[in-house]
Amino acid sequence: PTGGAISVYFPFHLQKRFLYQMAGTLSHQSEQQVVENQSSLQQTPNTEIKGVFGTSKPLLKDLICLKVTPTKWYDLGLQLNISDNELDKIEEKHSADIDSCKRKMFQIWLRNTPDATYTELKDALDRIGEHSVAAQLLRPSVPVEMISSAVMPLLLQSTAQQHLTSLHVPQEVEHYRTFLIASYKCVKTTEDQWPPVQFQKYIKLATVLKVEDFMKEDDCTKAMMKGNLKIIKRMKQPIEMEKIGRFEDGTLASCIIVEGIPGVGKSTLAWQLGRRWGKKKILQHFQLVIVLRMRDERVQKAHTISELFYHPDPDIPKSVSKWMATTLGENVLLILDGYDELSSELQIGDRSIFARIIKGVELPKLTVLVTSRPSANRNLHQLCRILEKCQYIEVVGFGEEEIREYIDHAFKNNLELKEQFLMYIEQRPHIHSLMYVPINCAIVSELFREHK
C-alpha cells in the first residue's frame, strides 16, 4: 500500500530482529536479503516497537468490547479483586444479560481501582486462561510496508499456531478435570463414621498468616487454648480463602504450607478449595486442582506422578502425568492433605515422590499446597527452606459467630434442643472454650444429642 504506513499487531515478545529473521526463514530468503531487511530497519526512523496500551488508563468503552468468554466474566471479576458479594449482586440483577454483567463488573473495577492499568487487566485475563484476549492488550506495532507481503501470511499463521499449541490441553486432561469437579461436589462419609456428618454446609474457618515471632506465637497459643479467636486475629493477619496462594504484592506462591492442630479443619479447607475451584469461584488460573489424601494407601504406595492420581479409566492418569511433564506442572495446584500422616521416610526421603514434589525436583512449575499438623513442621520446613516463594498459613478454627452457625445447622430440626444446648455450654466455659476446634464442636453437640 502507498500513502503512509499501516500498522499490524504482534505479541509483545516478537522483537524487531526476530521478526526479520523469521521472515527470512519463512519465505526462504537468502541470508543477504535478511541482512538487508535488518539494515533497512535500523536506518528507518520512528520504527521502535512499543506497547499500544501498556500502563495507560483503561477506558470503559474499550473494556466492554473485549471478547471475554461469556461464562468467565465472574472469574475475571475475582481476579480484579472484586468481592464475591458484589459479583453475586451483579449476577442476580443481570443474570440474563452477560454484556450488562461484564459492563457493571468493569465499572466497579474502575471505581475501586483508580490506578487501574491494562497491564493489570492482561495479567488477570491470563490467570483465567483468556490468553488470546490478553495478547491484544500489550501489542507492539510495526509498519507493514517494512515486511515482505509474501512473508506476512506465513508469519501470522506461524505465530497463531505457536500460540494455540501452547494453550492446547489434551482431551484426557479435560476428562480428568470433569472427574475432579464431580468428586469435589460430595462429602465422603461412611456409615460408621463418628461423630457423624450432621450437615454438608461449609462453615467458614478462620485462617491467618503464620508469623516468625516466637513471643507472639506463644501468646497466640495461649489464646487458642482459651478459644479466643479475636485476640489471635489482632495478633496475626487474617487471610481469606480467595487470597490463599497469593502474596500482598500480587505474586503467586510456589508452595503453601497450611498448619493447624488436629481437628481444626485443615482437610475441610483443602476439600473446600477443590470444591470452590470446581464451582469457578476461586483459583481459576489453575487448569487442575488435585486433592490427595496422604492417609490413602494407594497414594502412599505411589512412586511416580501418574500413580498418585485416580480415575476409573487407568489410561487417564498416565495421560495427565504426561501432559504435566510437558508443562513442568504449570497451571496445576496439587494439594497434599495430611503430610504428617506419612512416615518420616516418605516425608523427607530422597526417593519419596512427595519430597521431590515439594522441593521442586519433580515438576518445578507445579504449585503445591500441603496441610499438616505442627508435629511435622521440622521435616516440612526443611524441604521448603529452599523455595523462594513459600506462604505459611495457620487454620485456627471457629470464632463465636461460626460456633453459633454450626449449632444452628446441627439442631435445625429441634429448636428446643438447640436452646438447651446453648444454655448448657454457656454455663460451662471449659466446654465452650473447646468448641473453636470444629471436631470438638461436632463431638460435644453429638454427645449432647445422644444423651438427651
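Predicted model: local features only at pLDDT ≥ 70, side-chain atom pairs only at ≥ 80, totals over all residues.
Reader: Which residues does Gln79 touch, not counting residues up to four places away in sequence?

Author: Contact means heavy atoms within 4.5 Å. By that rule Gln79 touches Ala124, Arg127, Ile128, Arg246, Gln284 and His285. Gln79 itself sits in helix H4 (residues 73-79). Helices (H or I, at least four residues) and strands (E, at least two) are DSSP runs, numbered from the N terminus. Residues are numbered from 1 along each chain as its sequence is written, and side-chain values use heavy atoms, with hydrogens and water left out.

Reader: Is Gln79 buried or exposed?

Author: Start with the cut-offs. Buried means under 20% relative accessible area, exposed over 50%, and partly exposed in between (1.4 Å probe, protein chains only). Gln79 has 12% relative accessibility, so it counts as buried.

Reader: In what order do the strands of the open sheet run?

Author: General idea first. Strands of a sheet pair through backbone hydrogen bonds, either parallel or antiparallel. Two strands count as paired if DSSP finds at least two bridges between them. Here the open sheet has 6 strands in the order S3-S8-S4-S7-S6-S5, and the pairing is mixed. Strand S3 (206-209) and strand S5 (288-293) stand at the edges with a single partner strand each, so one side of each has no neighbour in the sheet. On average, neighbouring strands are turned by 20° against each other, direction ignored.

Reader: Which strand pairs are parallel, and which are antiparallel?

Author: Walk across the sheet. S3 and strand S8 (residues 390-397) run antiparallel, joined by 4 bridges. In that pair, Val208 stands opposite Glu394. Strand S4 (residues 255-259) runs parallel to S7, with 5 bridges. There, Cys255 stands opposite Val368. Strand S6 (residues 332-337) and S7 are also parallel, over 5 bridges. Leu336 stands opposite Val370, and Ile335 has Leu369 as its bridge partner. S5 and S6 pair in the parallel sense over 6 bridges. Val289 has Leu333 as its bridge partner in S6.

Reader: Which way do the side chains of strand S7 point?

Author: In a regular strand the side chains alternate between the two faces of the sheet. In S7, Thr367, Leu369 and Thr371 point one way, while Val368, Val370 and Ser372 point the other way. For S7 (residues 367-372), 6 of the 6 residues are buried, so the strand is largely enclosed by the rest of the structure. S6 is mostly covered, with 6 of its 6 residues buried. Val332, Leu334 and Leu336 point one way from S6, and Leu333, Ile335 and Asp337 the other.

Reader: How do helices H10 and H13 cross?

Author: Axes are lines fitted to C-alpha atoms, for helices over the stretch in contact, and angles run from 0 to 180 degrees between N-to-C directions. The axes of helix H10 (residues 171-184) and helix H13 (residues 266-278) come within 8 Å and cross at roughly 120°. Angles under 35 degrees count as roughly parallel, over 145 as roughly antiparallel, 65 to 115 as roughly perpendicular and the rest as oblique. H10 and H13 are therefore oblique to each other. Arg177, Leu180, Ile181, Ser183 and Tyr184 of H10 meet Trp271, Gly274, Arg275, Trp277 and Gly278 of H13.

Reader: What does H13 lie across?

Author: H13 lies across S3, S4, S5, S6, S7 and S8, and runs at about 155° to S5.

Reader: What is the phi of Leu283?

Author: Most residues other than glycine have a negative phi, and most peptide bonds are trans. Leu283 has a phi near 60°, a positive value. Leu283 is in the loop between H13 and S5, and is buried at 10% relative accessible area. Leu328 also has a positive phi, near 60°. Its place is the loop between helix H16 (315-327) and S6. At 34% relative accessibility, Leu328 counts as partly exposed.
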